[in-house]
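Visitor: I'd like a close look at one part of this model, the aromatic side chains. Could you walk me through them?

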Amino acid sequence: MQRVLLDRFWYLPDSLKLRVVQFRYRLLLLGLVFFVCPLTAQLALPLDSSLEHRGCELPVVKRDVMYQRPYAFRKGVRPKNLLYTVDYREDGRTMFGDTCHAWPQQAKSALEYAISVWSDVLQNDRSIDIHACYSPGLPGGTLGAAQPRRLLFGPYMQDTVFISQALAEHLIDFEISDSLNPDIQIIINKNFDFYYGTDANPPGSQVDFVTLAIHELGHGLGFAGSARYDDGNPGNGTECAGTDSTGCIGYYVDFGHKARYCGTPYDLFADVGNDGRRALDLPNNSREMLDALLGRSGGILFDEGNSDTYFTGTNAHPLYTPDRWRQGSSYSHFQDPSEALYYALSYGSAVHDVGRASEVMQSIGWSKAFASFAILPVTLASFDAARLGPTVELTWQTGREVDHAYFVVEARRKDGSFQDIGRVEGMGTGGKGATYRFVDGQPSSGANYYRLRQVDHTGQEALSYVVGVRMQPTEVVIGNPFPNPNYGGTLYLDYESDADRNLTAYTLTATGRVMARYRLPVTVGQNRLTLDVSDHPAGFYTLLLGDGKLRAQRRFVLH
């Protein structure tokens, strides 16, 4: 059982104890965070205790559908990140046991852009301190990971919870972080070929860094639950009470005179899809709880209606609950792949608009940034694309329509610009929404991107976000090896194939000596090839690729 003893918590300094006592009456009226125990000390749980893990571990996936949703800053100008500080952990310092390397300037700029987005969405009057690590030490398929450095424990609304340090600081308007204990820890896998631009327009073979950073920062700010799956193996750190094939939500807290499970603010809004019960009301350490977490009871919804203490919302957002538990992914992500807090990120996708995560953050206690968004003639509830045989089907829904005339459907093929391919007349009336459909009968091979241009009766226009679909390629596209320069570990190469085939690859020194031979099976579509070069000495190399008909070469450097 993952038990938390009160005498293992970190106590805050005496000076802060006094401040907490001074705030006690006001906090109890507001139903906020801090709990003053009989010793009048606030308790904080460091995540390097028995609860340590990397939090969310975001994987990269290959999908036929891609989304490109740039963020439009409220005032049309990117805000300065005055209330965020970033300590780039370099020079061999570590995080989660992994060694941190130097940050490229492009990566720093992209991270700071992601911070600007959250600064524009949420109001924070206390500095949010971030430790950021750029490391080759993460598992091969993991893009990055993040978590709050510490959780604070105490009453919150009508319950007792573990709350992220950044959110706690916001709610009590008091600084808790210090140089050793930042609000958020974020680690990025430097082995990936990232797109560092801020235009939400990555090539189909690259991973968008800004989307990754927005996603991980969201977890550090509090978009995270405490659900776990117990497989009966105490060695992997994800157990409940040690009973195989059961589930639980919360951490088991021993108060001395009694013990119970306590969750996070996020957990208080989780409902069972079939009957609307709070997930926290299911019996812990039970098969019933596990079935709910694995989506077998109608899934789990984040129900904004569970409390209006901080935000009056009525939406219920489906959470990611696959039928096989994925530690670091299940439950603490959206089910919708067009959201920034989806469980994975796909090549060619970029979601810079935090979307529904803003409502989740406001529900758990964050304040919406000042100034409201403009009211548009059309509210776009969803916009999706899917392959339909040799064609592409576009579907979209509007939440409301006022003075709306029609949509122009635009498409972009390969490296071209957006062109009009059709027009769909508006159907919404009286402020109500409607459902629309359009089929592109002539998509090109490879990536096709689509957006909607909404036109109202006055001639004013607005653009939607972009969705993309990959059609089966008709030619081979070979990327460049990365990371390059390489430091003697693993070399990656993106290879888009028009058919299933077996490749043979060779690494050659500058003098033409063959250092290694690889056999690499590829399938139609996107492939990421992995080559072990750990036994190669430093120097300049040529990578030769061939399949019996096609030959290509790429160069790389080993340090």
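Visitor: To start, are Phe-223 and Phe-334 buried or exposed?

Guide: Phe-223 and Phe-334 are both buried, where buried means under 20% relative accessible area with a 1.4 Å probe, protein chains only. Before going on, some ground rules: this is a predicted model, so local features need pLDDT of at least 70 and side-chain atom pairs count only at pLDDT 80 or more, while totals for chains, interfaces and linings use all residues. Residues are numbered from 1 along each chain as its sequence is written, and side-chain values use heavy atoms, with hydrogens and water left out.

Now the rings. The structure holds 28 aromatic pairs, a pair being rings of Phe, Tyr or Trp (its six-membered ring) with centres within 6.5 Å; planes under 30 degrees apart count as stacked, over 60 as edge-to-face and the rest as tilted. Phe-192 and Phe-194 make a tilted pair, with 6.2 Å between centres and 45° between planes, and both are buried. For Phe-223 and Phe-334, the centres are 5.2 Å apart and the planes sit at 75°, so that pair is edge-to-face. This pair links distant parts of the chain: Phe-223 is in the loop between α4 (209-221) and β17 (227-230), Phe-334 is in the loop between β23 (316-318) and β24 (345-346), and they are 111 residues apart. Helices here are DSSP runs of H or I, at least four residues, and strands are runs of E, at least two, numbered from the N terminus.

Back to Phe-192 and Phe-194: they belong to one aromatic cluster that also takes in Tyr-88, Trp-103, Tyr-134, Tyr-196, Phe-209, Phe-482 and Tyr-492.

The charged end of Arg-423 sits over the ring of Tyr-406, 3.5 Å from its centre, and Arg-412 lies over the face of Tyr-449, at 4.4 Å from the ring centre. The test for that is CZ of Arg, or NZ of Lys, within 6 Å of the ring centre and within 35 degrees of the ring normal.

Take contacts (heavy atoms within 4.5 Å) between residues at least 6 apart in sequence: 68% of them join residues at least 24 apart.

Methods
Buried means under 20% relative accessible area, exposed over 50%, partly exposed in between (1.4 Å probe, protein chains only).
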